[in-house]
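Try each task before you read its solution.

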Amino acid sequence: MTTKTVPVGWVQARSRVYSAGLAAAPPAVAVPLGEADGHTLAEPLTTLTDLPAFPTSSVDGWAVRGPGPWRVVGRVLAGGSPPPLDEDGTTVEIATGAMLPAGVTAVLRIEESTRTGGLVIGTPRAQPEWRAPGEEARRGEVLLPAGAAVNPGVVGLAASCGYDTLSVRRPPKAAVLVFGDELLTAGLPGAGRVRDALGVPVPAWLRRFGAESGPFVGPVEDTLGAHVSAIQKALEKADLVCTTGGTMRGPVDHLHPALEELGGEYVVNSVAVRPGFPMLVATVPGPDGRPRFLAGLPGNPQSAIVALVSLVAPLLAGLHGRPEPALPQVTLVEAVPGRGDYTHLALVRVDPVDRTAHPVRHVGSAMLRGLAQADGFAVIAPGTTGEPGAVVPFVPLPLLNGERP
Ligand SMILES: Nc1nc2c(c(=O)[nH]1)N[C@H]1C(S)=C(S)[C@@H](COP(=O)(O)OP(=O)(O)OC[C@H]3O[C@@H](n4cnc5c(N)ncnc54)[C@H](O)[C@@H]3O)O[C@H]1N2
Ligand code: MOO
């Protein structure tokens, strides 16, 4: 494997890892609708029937034929398949969602009708009070493209179209390894030891990006042998192994030598971005020939999260078989410094109404205070400074509405 470490441009690095992920996306499988949430459509979603499949009343009332008054001859409830209404001057009581009998000329709302004995009078509204077959979609119409993420809305649509199973790609499986003998997993930091601030959150962030991830493993002992066997074991079950720390070439930074020993190939080996430039993505051959991925997240905690949003998010989009993530834009309200030839990812809070970006404080690469209060990162392009009023790309943290403190 090459060990050349010329940093790749941030934009180029993202599209390179996305393409590598897409090329290695797992094959399509059919899964029951109840298991499809979080998967990705492997084929376009086309409706298997007209929607609705038959004419349905949109109100509770009277399905009438011809001019009134109408003689009541029956009742149709939702779920039934009614006989035709053959005679003018007749009506059947009808429920919302019930199939309209053939021959019906209007539906009269119950609250706009008067029934006296077996006769109904009233004036139906001018616009039809039923849903025509194919009004929402025609049989065979493409409703969503291949590559669309399956969410609960999509599952509901697929059910209404008549699907029992969907052809999907499963979510990528991820594993997390934490490196660093200096890390404590409980208690107060001190005497040279710091708390591991990545092992718990990184799997949680990965799940936010749609990957399946179990709890982290580690801290893995700072020896080359321990690194190689931990990576090998993690790769047995994962499409992607994220490691934290050891991306540089310090005395106990074993990631690069471990990759070499495992026959890894760099997709990206360091990125021209601050913070987080030693981030990397490599492929490692999998047992079935489909490549597995390793993402090396730098040890500085904020830098690790920058690597997640910069490289792991597009890699996972590729592995899902989804489109390359497009970045929204924000407007800077304050000056944000550039980082020379490097892209600067600057932590900001974003006003949800006017999309203005407000820099937060405590943003050193070893700090998490700023990150915990931010929505994501404003992107300051190489060779530029973020001037107030500038519209720049924004890399969101995968937060749900209302989650930002
Ligand atoms: N000679 C140079 N040294 C460093 C450079 C450089 O250019 N030349 N770059 C610095 C930058 S930038 C980064 S980022 C780090 C990346 O280092 P590693 O990925 O090798 O990470 P470590 O050395 O293992 O740790 C760095 C730092 O982060 C702390 N750490 C590690 N893991 C965790 C964790 N899970 N939770 C909390 N904190 C963690 C670790 O204690 C160190 O303080 O390299 C710089 N050095
Ligand atoms: O680039 Mo390093 O990530 O500043 O800490």
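**Exercise 1.** Decide whether Arg 355 is buried, partly exposed or exposed.

Solution. This is a predicted model, so count on the coordinates as given. Step one: count C-beta neighbours of Arg 355 inside 10 Å; there are 13. Step two: recall the cut-offs, 20 or more for buried and 12 or fewer for exposed. Step three: Arg 355 therefore counts as partly exposed. Now place Arg 355: it sits in the loop between β26 (343-350) and β27 (356-359). Its phi is positive, about 60°, although Arg 355 is not a glycine.

**Exercise 2.** Find where Ser 270 lies, and decide whether Ser 270 is buried or exposed.

Solution. Start with the chain: Ser 270 is in the loop between β21 (265-269) and β22. Next, count: 21 other C-beta atoms lie within 10 Å, so Ser 270 is buried. Last, check the backbone: phi of Ser 270 is near 80°, a positive value in a residue other than glycine. Most residues other than glycine have a negative phi.

**Exercise 3.** How many residues surround ligand 1?

Solution. The count is 25. Among the closest are Gly 245 and Thr 247. Sort the shell by class: ten nonpolar, twelve polar and three charged residues.

Terms used. Residues are numbered from 1 along each chain as its sequence is written. Chains are lettered from A and ligands numbered from 1 in the order in which they are written. This is a predicted model: local features need pLDDT of at least 70, side-chain atom pairs count only at pLDDT 80 or more; totals for chains, interfaces and linings use all residues. A residue is near a molecule or strand if its C-beta atom, placed from the backbone, lies within 6 Å of it. Ala, Val, Leu, Ile, Met, Phe, Trp, Tyr, Cys and Pro count as nonpolar, Asp, Glu, Lys and Arg as charged, and the others, Gly among them, as polar. Helices (H or I, at least four residues) and strands (E, at least two) are DSSP runs, numbered from the N terminus.
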